[in-house]
Structure formats: structure tokens, C-alpha cells
Amino acid sequence: MDYTEFTKARRFRERFAINILRSIAMISILTTIAILFFLFYETFNFFTNEMEDGGFVKPWEFLFGTKWTPLFKPQSFGILPLVAGTLLVTIIAVIVALILGLSISVFLSEYAPENIRRIIKPILEVLAGIPTVVYGYFALTFVTPIIMNIVGSFGGNIIIFNALSAGLVMGLMITPMVSTISEDALISVPQSLRDASYAMGAKKFQTAFRVVVPAALSGISASVILGISRAIGETMIVTIAAGSTPNFTFNPLESIQAMTAFIVQISLGEAPHGSLEYNTIFAVGLLLFMMTLSLNIFGKWLVSKYSENY
Amino acid sequence: MKTEKLSFKRRTRIDYFVNYLLFFSVVIAFITLASLIIDIFSDGWKWFDWQFFNSYPSRKPELAGIKAAFYGTIWVMSITALLSIPIGISTALYLEMFADDSKFNKFIKVNISNLAGVPSIIYGIIGMAIFVEFFQMGRVILAGALTMTLLILPIIIIASQEAIKQVPSYYMDAALALGATKWQAVVKVILPQSIPGMVSGFILAMSRAIGESAPMIAISALVYITFLPEGPLDRFTVMPIQIYNWISQPQDDFRGIAAAGIILLLIMLLSLNSLAIFLRDYFQRRN
């Protein structure tokens, strides 16, 4: 074999290897296709599968109905109670994460000296790495009794499984995420803006809240939107601490059921393939997927916007 | 707000106040973490013994143990690592080294970052639809591991891409200048250089996977397993499911058992994370 033939063979082998890498990279596309296909396919089955009374679920009844009783008669598939449950917990979580996460990020980027930063960052990383089932346990056995004592001492009524406890703990769970993305946005604000503010005689709090935070606003909003998306898709905290009673309410002291908690409830019972319950989790899943996907796309668009600015 | 009219003294005082107010939020996060750990250890420490580690689940709290779930976790994680690491590295190498700027390749990149944001429970029900039902595997370890692979692949790909980007471009230039083909340069120069960065990413992805409960519940459901899995086609349970199972029991003693399971889970995660940090520092110092 002479030299040119040798290089030719090698070039062929290498092109072959690169093509293998390319086909492996296609797995991520196949995953997306599979997710979309099965969500839509089983949702289609959901709308064409007979209910126990012989009728079919109508799409608008599914989207705008306020009664969710898939497991007992008469069956009713209005998803709004689940959506309300998810939103209620998410709102509480986002309020907590916004207050804590934004304060922490401003403190880290504007106030904290390097040695304190080096202590705080690992604490946030640990908080971010705790499994959600552990947060659920914490909500149920630690936060809920405290809330029950406080509400009870004011003579209020509260159930063990409530949206408030789950929301507060979920807020803690997404705080590291919100503070990390916000901090990145704050740090990427050019030093010259801060210098200009100080030169005008502003103190640190004025510089931080009237110059730096407004300049980083799109990044901060992105952190909140990605946090919302994370909270909507979170499963174990709401399953353990918020209950399993689909309840069309915005009272945080009541027991609710989130969309993800419903999926878990059905999954635990090994719903038989092809049954209406089996299809139901995909219909709920599709709505969940649409909500988180649109929030993620919007959040990432905001992040790319602030990184363009400076 | 008319801060312009505030005296210098007053503004200095506000500045102090704001500083401590912001620091207070850090303190809240710290106190919460501390009370979480204290809560779990005070509930679970008295159950955390050899008997707990070496027993199968039981209806009696004093006999219940985590053995089956621990082995289930090890099985699922080993297969997940075996599948996801080679696929992740290959995809990252292709995207960073061989992919041109075509629309299709850009689409793959955007797609991966979107997949990373899909809620884990969605991966669970999709894994159930594909592996358990469509491929008729049943609710077995392999189905769980394949689902987990899909879930952590985006994380592994993104971490590997970051590691590849860290390798200075003159390594590539030097290899090409010496007459290496692009493939040789990538496989023999870029890949070995980026492996240290990848390893800590892999470990963090695995520790994320160990703690995932929702997708595993969709695959394995709530089973009562009193045997050790012997192969990838056996039914299984994993630690987070077992812990969730104990949390939802009505007896108080099972809360303690759940806390003991959480202690074991946290110890595993902590050792994995320390290993990641240690390896990162080790490789940094070596370079």
C-alpha cells in the first residue's frame, strides 16, 4: 500500500467516525421528537377515549372546566383546579425567591467582600443540590407544624397539607437559581456605570438600586421567569406537602393538588396502558410541557438580550 | 423618592442599614439550610444503623431497611453512567469540534438547552410510554436507566461542551501544524485535555440523578421489593422512591425511617460532590 492510498483510507475512516458522532448527536433530536409525539398522541387518545358514562372529554371542557374528578363518578375533566393549585404554589415560591434571591445577588455582587463571597457561594450550591424529596420532607415535618402553630394561635383553620408550606419551601429551593442568574446579570453591568454613580456622590445603596439593578433588569427578570418555570415543573415538594385534593381556590391555607402531583398520583397506581387515566397524565403533561417550554424560551431570550447590551 | 435631599449622614446610615438587611437574607438561607439538616438528623439519627442499612422494607418500622432501594439506585446509576457518558462526550465533541455553523447544527444546540429545561416528571411519563409500554420492557431497571439517561444527557452534554471550550485553541493549532488530521487532533489532544473538566460535570450530573424521584416513580411505580435485583431486567425501587414511600406512611416512626434514608442519601451526595471538587482542584494543580 503506497502513501496516497494510506491517507485515502485514513480519510475515509475519519469521515466515517465523524458521521458516527453526528448520528449520536441526533439522539437529542430524537428525544425531542419522542417527547412531542407521545405527548400529542396520548392527548389525542385522551380526547377520543370513552368516559365511564360513554361520553367524550371535550377540549374546551378540559381547558376551562373547574371540576377535576377523574377517579370517581361522575367523571369530570376540567383542569383549572390543578392549574390553580400549581399557580398558587408557584406564586408563593416566586415571592420568596424574588425577595431572598435578589437580596442575596445584590449583596454578593455589590456589598460582599471576596472572603465572604467564598463562604456564601458553596452554601447556595448545597441548597441547589438538595434532592426535592428532602425539601418535601422538610416542608411536611418542619415548616408545616410551625405554620399550623402560627395560624392556630390566631384562631385560623389550616389543614396539614397546604399550599403555603409547599410554596415557602419551593421558594427556598429556587432561590439559588434566581440569585445565581441575577448575580451574573449584575456582575456584567460595566464598572463605569458604578464609577459614574459614585462620582456624582451617590452612596452604595443608591448605586446598587438605582443604577446597577435597573441596568441588569432584563437578566433579573430572566432569572425570575426561569424560576417560575422550575417551580411549575417541580414535583416532589407539592406531592408531599400540598396534598392531593383538586381544589379551585387561591387560599394558601387549603389543601390543593398541583398538576405534577396529579401525574405522580396516577403513576403510583400503575394505570393500565390505554386506559383513560393513563391518557389523562399525558394531557396534563402536555399542558405542563407547553407552559414550561414557553417560559424557558422567553427567559433565555431575555438572558441573551442583556448579554448583547454590554 | 427624593434621596437628593437626604443629608450625607442620613445616607450613610441608610447604607449601613441596607447592607445588614441584604446580609440578613443570606442569614435566612443559612438558617434554613441548618434547620433542614438538624431536622433530618434529629428525626433519623436513632434509626440510622446497620440494621437499617441491611434490611428490606417492612410493615414494622423497627424492621424496615433501605437495602433493596440502595442496590436499585446503584444498578440504575451504573447503567445510566455507562450510557450517558459516551453519548454525552460524543455529542459535545461533534458540536464543538466538527459541526459547522449550519442551521441544523444550531438547531441541535438550541434543542439541547431546551431539553435541559423540561420538567423531570415529563421525562418520567415519556420513558414510561417509550420503554415500558412501546418497547414492552416492563417496569424494570433498564427502563429506569434509559429514562434517566435521557434526563441527564442535556446536562452532561452542556458540561462537556464547557470543558472542551476551556482547552486553549493553540493546542489544536499545534497538533494540526505537526501534521495531525483533525480527527487525530481531537481524539489525541483535545479530548485528553478536556477530560478533567468533564469528570466533575459527570459527577454533578450523577448526583442530580441519584436524587431524582418523580421520573423514577413514573417508571417503577410504588412497589414493595424484598429482593435484590440480579440483572437489568428485574423490577426495582430507588432510594428517593423508598423515602417518599416512608414519608407518606401514617405512622410517626416511618417519618424517622424516612429521615434515616435521607441521611444516607445526603451522605452519598456529599461524598460525590466532594469528589468532584477534589478532582477539579487536583487537575487544576496538575496543570
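Tutor: Buried means under 20% relative accessible area, and exposed means over 50%. Keep in mind that this is a predicted model.

Student: Is Glu183(A) buried or exposed?
Tutor: The cut-off for buried is under 20% relative accessible area. Glu183(A) has 2% relative accessibility, so Glu183(A) counts as buried.

Student: Which residue meets the side chain of Glu183(A) in a salt bridge?
Tutor: The N to O distance of this pair is 2.7 Å. The partner is Arg117(A).

Student: How many residues apart in sequence are the parts that Glu183(A) and Arg117(A) tie together?
Tutor: Glu183(A) lies in helix α7 (residues 163-187) of chain A. Arg117(A) lies in helix α5 (residues 114-129) of chain A. The pair therefore ties together parts whose separation in sequence is 66 residues.

Student: Which helices of chain A hold Arg194(A) and Glu110(A)?
Tutor: Arg194(A) forms a salt bridge with Glu110(A), with the closest N and O atoms 2.9 Å apart. The pair ties together parts 84 residues apart in sequence, because Arg194(A) and Glu110(A) lie in separate helices: α8 (residues 191-199) and α4 (residues 80-111).

Student: Is Glu162(B) buried, partly exposed or exposed?
Tutor: Glu162(B) forms a salt bridge with Lys165(B), the closest N and O atoms being 3.7 Å apart. The two are 3 residues apart in helix α6 of chain B, so about one helical turn separates them. With a relative accessible area of 38%, Glu162(B) is partly exposed.

Student: Which element supplies the largest share of the lining of the second largest pocket?
Tutor: The lining has 18 residues, and among those nearest the pocket centre are Leu30(A) and Phe131(B). From chain B, α3 (67-98), α5 (120-134) and α6 (141-166) each supply at least two residues. The largest share is 7 residues, and it comes from α2(A).

Student: How many residues of that lining are charged?
Tutor: The pocket holds about 320 Å³ of space. Its lining divides into 16 nonpolar and 2 polar residues. The charged count is none: no charged residues.

Student: How far apart are the C-alpha centres of domain 1 and domain 2 of chain B?
Tutor: Domain 1 of chain B covers 3-38, and domain 2 covers 51-286. Their C-alpha centres are separated by 39 Å.

Definitions and conventions:
Residues are numbered from 1 along each chain as its sequence is written. Chains are lettered from A and ligands numbered from 1 in the order in which they are written. This is a predicted model: local features need pLDDT of at least 70, side-chain atom pairs count only at pLDDT 80 or more; totals for chains, interfaces and linings use all residues. Side-chain values use heavy atoms; hydrogens and water are left out. Domain bounds come from an automatic or database domain assignment. On a 1 Å grid over the protein atoms alone, a cavity is a set of points where a 1.4 Å probe fits but cannot get out, and a pocket is an open set with protein on both sides within 12 Å along at least five of seven lines; lining residues have an atom within 4 Å of a point. Grid points are joined across faces, edges and corners, and a volume is the space filled by probe spheres set on the points. Helices (H or I, at least four residues) and strands (E, at least two) are DSSP runs, numbered from the N terminus. Ala, Val, Leu, Ile, Met, Phe, Trp, Tyr, Cys and Pro count as nonpolar, Asp, Glu, Lys and Arg as charged, and the others, Gly among them, as polar. A salt bridge is a side-chain nitrogen of Lys or Arg within 4 Å of a carboxyl oxygen of Asp or Glu. Buried means under 20% relative accessible area, exposed over 50%, partly exposed in between (1.4 Å probe, protein chains only).
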